[in-house]
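Reader: Could you take me through one part of this model, the salt bridges and where their partners sit? I would enjoy a close look.

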Amino acid sequence: MAGSDTDYIPGFIPSRSGSNFALFDFSNSPASDQGKEDRSITYQSLLRATLFGPDKPGTPASRNIFRYKTETKRSLHSLRPLGYDESGPGISHSPVKAPRKVPTSPYKVLDAPGLEDDFYLNLVDWSPNNVLAVGLESCIYLWNACGNKVSKLCDLEISDGICSVGWAQCGTHLAVGTNNGQVQIWDASNCRRVRTMEGHRSRVGVLAWSSSLLSSGSHDNSILQIDIRARDDFASKLVGHKNEVCGLKWSYDDRELASGGNENRLLVWNQHSAQPVLKHCEHTAAVKAIAWSPHRHGLLASGGGATDRCIRFWDTTTNTHLSCLDTGSQISNLVWSKNINELVSTHGSSQDHIIVWRYPTMSKLATLTGHTTRVLCLAISPDGQKIVTGSGDETLCFWRLFPASKSQSTDSKIGSSSFGRTTIR
């Protein structure tokens, strides 16, 4: 090669006759051959002990060191530090994650005599201060999850009945929708009613709070926007549904309000609109189940009733229908976990169960069967780790479903010492 001191001939093997192997103890003497054999036997013994464990006393060493041994059976892939894809060749470059185990039994059950078996009512809500409100006939009961204590907030007596409850974001005031069309605000700390608003002509079955407004949906097909700081009973009335409003939920940024009706329509309103900005008519049954994703702006989930059975996903920023999944059962509620990208659906006829889904694959993580009739109520704990479900079987079941958020350094104490079965009255 030009410019080099030595030319190399391809395939040429140089002679080593002049090499001094004695410097490296590479002699060809019988002693050297014996040393090689000793080293080979030592190497084989070490390799056999590494793969199959040390030989048992009195057991002759196997001549085949790769002989299959049932007592030491191991998957070849378990020796690999990275995940192995059984479906094809090669090694994935992410560690294998074991499926998260979801407990399939409730950790607590409360008897709730008088819990209505009515698909269109919303009788359970869990406050940011860790207090559960439950509407039973004409009464509202409060269960303090930290102290496991039950107290009665109010009794409307025979003149009226409870149709919906909803905690304000501050966690101290509870909105109550009644059968006579009233919306009441109660100071839960002092067990005192502070306001009563008129405006609906029929029962108020659903309530939703934003940071500044309370929205109420009614059997009279309308939605009232209530500013509790103002003296007027309501600030505006939204008319877009042609049947009872049974689903209502504000987005996490308080910019959009989603509403579902018994005429099978899903509507989306903005903060200042008098008319819906989005209309979706794909469902074929009542739309009561509505949930906004806390993980992605504008991602909305909705669920249909008994003749629909589908969960649909929407991107409200682009007015796009993203996907649809037939669950095979009436969908009464949806809630998204704030700690992990998963959601829960509760179901009525014909399955009467609860399902935990992983989004966006919508693979089932768990199916929970603790109720004997359709599951109509659902609320999530303030730490995002637990849910409570209510049913026409007059029980409330508490479930541990989700991991703690990254910001939670210690286990939550919500109901942690509450096991067994008691009554909420």
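Author: Happy to. A residue counts as buried when its relative accessible area is under 20%. This is a predicted model, and in it Arg-203 has a relative accessible area of 16%, so Arg-203 is buried. Arg-203 forms a salt bridge with Asp-118, and their closest N and O atoms are 3.2 Å apart. Asp-118 sits in the loop between E1 and E2, while Arg-203 belongs to the loop between strand E9 (192–197) and strand E10 (204–209), 85 residues apart. Glu-244 joins these two in a network of salt bridges.

A second pair to look at is Glu-342 and Arg-100, with the closest N and O atoms 2.2 Å apart. Glu-342 is in strand E23 (residues 342–347), and Arg-100 is in the loop between helix H1 (30–52) and strand E1 (108–111), which puts them 242 residues apart. Glu-342 is buried at 2%, whereas Arg-100 is partly exposed at 24% relative accessibility.

Then there is the salt bridge between Asp-117 and Arg-374, at 3.0 Å from N to O. Asp-117 lies in the loop between E1 and strand E2 (124–126) and Arg-374 in the loop between strand E25 (363–368) and strand E26 (375–380), so the bridge ties together parts 257 residues apart in sequence. Both are partly exposed: Asp-117 has a relative accessible area of 43%, and Arg-374 has 23%. Arg-374 also touches Ser-391, a residue of strand E27 (residues 386–391) that is buried at 1% relative accessibility.

Key: Residues are numbered from 1 along each chain as its sequence is written. This is a predicted model: local features need pLDDT of at least 70, side-chain atom pairs count only at pLDDT 80 or more; totals for chains, interfaces and linings use all residues. Side-chain values use heavy atoms; hydrogens and water are left out. Helices (H or I, at least four residues) and strands (E, at least two) are DSSP runs, numbered from the N terminus. Buried means under 20% relative accessible area, exposed over 50%, partly exposed in between (1.4 Å probe, protein chains only). Contact means heavy atoms within 4.5 Å. A salt bridge is a side-chain nitrogen of Lys or Arg within 4 Å of a carboxyl oxygen of Asp or Glu. Lists of a residue's contacts leave out its neighbours within four places in sequence.
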